[in-house]
Amino acid sequence: MPDKPHFRTVIEPFIIKSVQPIRMTTTEERERFLQDAHYNLFKIEAQNVLIDLLTDSGTGAMSSEQWAAIMRGDESYAGSLSYQRFESTVKDIFGFTHVIPTHQGRAAERILFTVMCKEGNVVPNNTHFDTTRANVEYRGAQAIDLVIDEGRDPASRHPFKGNMNLEKLEKLINNVGAKKIPLCMITITNNSGGGQPVAMENIKAVRKLLNKYGIPLYFDACRFAENAFFIKLREKGYENISVPEIVKEMFSYGDGCTMSAKKDGLANIGGFLCTNEGDLAQQEKNLLILTEGFPTYGGLAGRDLEAIAVGLREVLDEDYLLYRISEAKYLGEGLTDIGYPIVQPPGGHAIYIDAKALLPHIPQLQYPGQALSVELYRRGGIRTVEIGSVMFGKVDQKTRVETPGAMELVRLALPRRVHTQSHVDYVLEVAKEVYANRESIPGYRITEQPPFLRHFMAKFEPV
Ligand SMILES: *Cc1c(COP(=O)(O)O)cnc(C)c1O
């Protein structure tokens with residue numbers, strides 16, 4: 001790293017070379033958009049959103065080097081140069097022997113679990129991301145979350161809240177038997193747990209434990225660079241190790257990984273699956289051909305492979321990572337100063353507000369998260385996402401009785417390299433106004449909903 005600057009301000013380490021205008025709307029307009037969308041923010045047109053914090057997936061800005069690489073895209077069906085550049089970059093950074101491109105992370109997951117998992121199997125993870133869980137369960141296997149207790153406590157400031165609970169992991173192995181566990185996964189950073197990192201010490205210990213039982217370890221690597229940077233900042237002994245070296249060490253403990261390039265690939269689409277095992281790779285490639293494409297493009301264009309290859313190098317830049325993590329911290333601390341209860345400490349890619357604690361007058365089945373999300377849009381055109389009872393509540397199909405989710409969170413996800421600090425200041429100003437008026441925010445009832453993944457399509461009205 002260059003000399004540590006003595007200035008406090010962490011700047012965006014880039015200049016803006018191409019822009020996409022965003023449009024101010026009036027409160028009256030937004031009120032109408034909300035009514036037309038039945039208060040479901042997934043149904044608001046993006047052009048009517050001022051600051052879109054719905055997700056950090058595929059929403060990042062590409063660099064001029066990535067756009068230049070796109071022009072080099074070799075669109076040959078088999079053996080393209082773009083694939084060679086992509087493959088050698090992934091091998092160099094991650095250190096795995098076989099690299100299989102896919103159109104997104106979930107395609108890598110589907111192929112991995114189809115090949116490795118059987119009905120009745122059990123797959124442990126610190127916390128399964130929802131597509132990972134769905135792909136495990138689709139194989140008739142059980143997805144078990146074993147994150148440490150601190151990882152489930154929003155107020156805990158443990159530096160590595162994504163860590164795996166080793167005792168629970170060993171207990172699980174002894175209970176179900178190692179033969180029933182085809183692989184163990186570690187998600188870095190732990191997305192569903194608030195983007196919290198996993199310590200190198202924990203990864204090493206998981207590996208050691210799995211070795212005892214002959215169980216392979218795979219990483220869900222979506223935010224591997226953010227995780228590596230947290231290790232550098234927070235774990236003893238890594239202060240002076242470069243991020244690429246930390247990344248190498250992390251993956252040296254694994255047998256393979258799944259990856260969504262829409263996150264730390266700094267690309268708008270893409271993913272891959274890695275393994276060190278030749279037999280598995282062969283089976284995986286056979287499946288890939290069936291649904292994704294030939295193994296040298298896997299459902300992507302040659303130009304996408306180029307963008308990912310460049311993005312994977314850029315994401316390791318420590319100036320970029322410092323800015324990335326500082327942006328989340330700045331937003332998280334700003335919200336905390338206003339009085340918002342958030343999942344502490346701020347993670348790598350998003351801030352999660354505890355809407356149940358913020359809006360105690362709204363019962364869980366009137367969706368406090370949805371209420372806050374709607375209010376942030378109404379007041380300031382900010383789009384966030386509810387991660388609570390709308391997403392995870394369960395309606396019994398016979399009795400129609402509804403059980404709420406475990407928590408009522410609102411996620412503010414930060415797209416990579418997209419917003420400036422004044423955008424974040426604006427979000428904080430809107431949040432301050434929402435906070436001041438929180439007691440008058442109404443709850444919502446659902447007027448129409450599909451039987452599964454209802455949050456995408458449900459219709460609401462204020463109570
Ligand atoms: C986004 C994500 C996935 C799935 O990747 P897609 O590219 O959206 O299919 C899997 N795991 C984690 C942790 C993710 O954040």
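**Figure 1. A nonpolar patch on the surface of the predicted model.** In this predicted model, the side chains of Phe-42, Phe-452, Leu-453, Phe-456 and Met-457 form a nonpolar patch on the surface, and together these residues have about 540 Å² of accessible area.

**Figure 2. The shell of residues around the ligand.** The ligand is surrounded by 15 residues, and the closest of them are Arg-106, Asp-220, Arg-223, Ser-260 and Lys-263. Sorted by class, this shell is made up of two nonpolar, seven polar and six charged residues. Helix α4 provides the largest share of the shell, namely three residues.

Figure 3. In the side chain of Gln-104, an N or O atom is placed 3.0 Å from an oxygen atom of the ligand. For Asn-191, the corresponding separation between an N or O atom of the side chain and an oxygen atom of the ligand is 2.9 Å. Arg-223, which is listed among the closest residues of the shell, likewise has a polar side-chain atom at 2.9 Å from an oxygen atom of the ligand. When the ligand is taken alone it exposes 380 Å², of which the protein buries 98%.

**Figure 4. Arg-110 in helix α4.** Arg-110 has its place in helix α4, the element that gives three residues to the shell around the ligand. Because its relative accessible area is 30%, Arg-110 is described as partly exposed, a class that covers values between the buried limit of under 20% and the exposed limit of over 50%. Although Arg-110 and Val-136 are 26 residues apart along the chain, their C-alpha atoms are separated by 8.0 Å.

Figure 5. Gln-370 belongs to helix α14, which comprises residues 368-380. With a relative accessible area of 6%, Gln-370 is counted as buried, since that class takes in residues under 20%. A polar atom of the Gln-370 side chain lies 2.7 Å from the backbone oxygen of Tyr-39.

Definitions and conventions. Residues numbered from 1 in each chain as written. Predicted model: local features only at pLDDT ≥ 70, side-chain atom pairs only at ≥ 80, totals over all residues. Heavy atoms only, no water. Near = heavy atom within 4 Å. Polar contact = N/O pair within 3.5 Å; in protein donor to acceptor, adjacent residues only side chain to side chain. Areas by Shrake-Rupley, 256 points an atom, 1.4 Å probe, with all protein chains shown as cover. Helix = DSSP H or I, 4+ residues; strand = E, 2+ residues; numbered from the N terminus. Nonpolar A, V, L, I, M, F, W, Y, C, P; charged D, E, K, R; others polar. Patch = residues over 30% accessible without salt bridge, like charges linked within 9 Å, V, L, I, M, F, W, Y side chains within 5 Å. Salt bridge = Lys/Arg side-chain N within 4 Å of Asp/Glu carboxyl O. Buried < 20%, exposed > 50% of the residue type's maximum accessible area, 1.4 Å probe, protein only.
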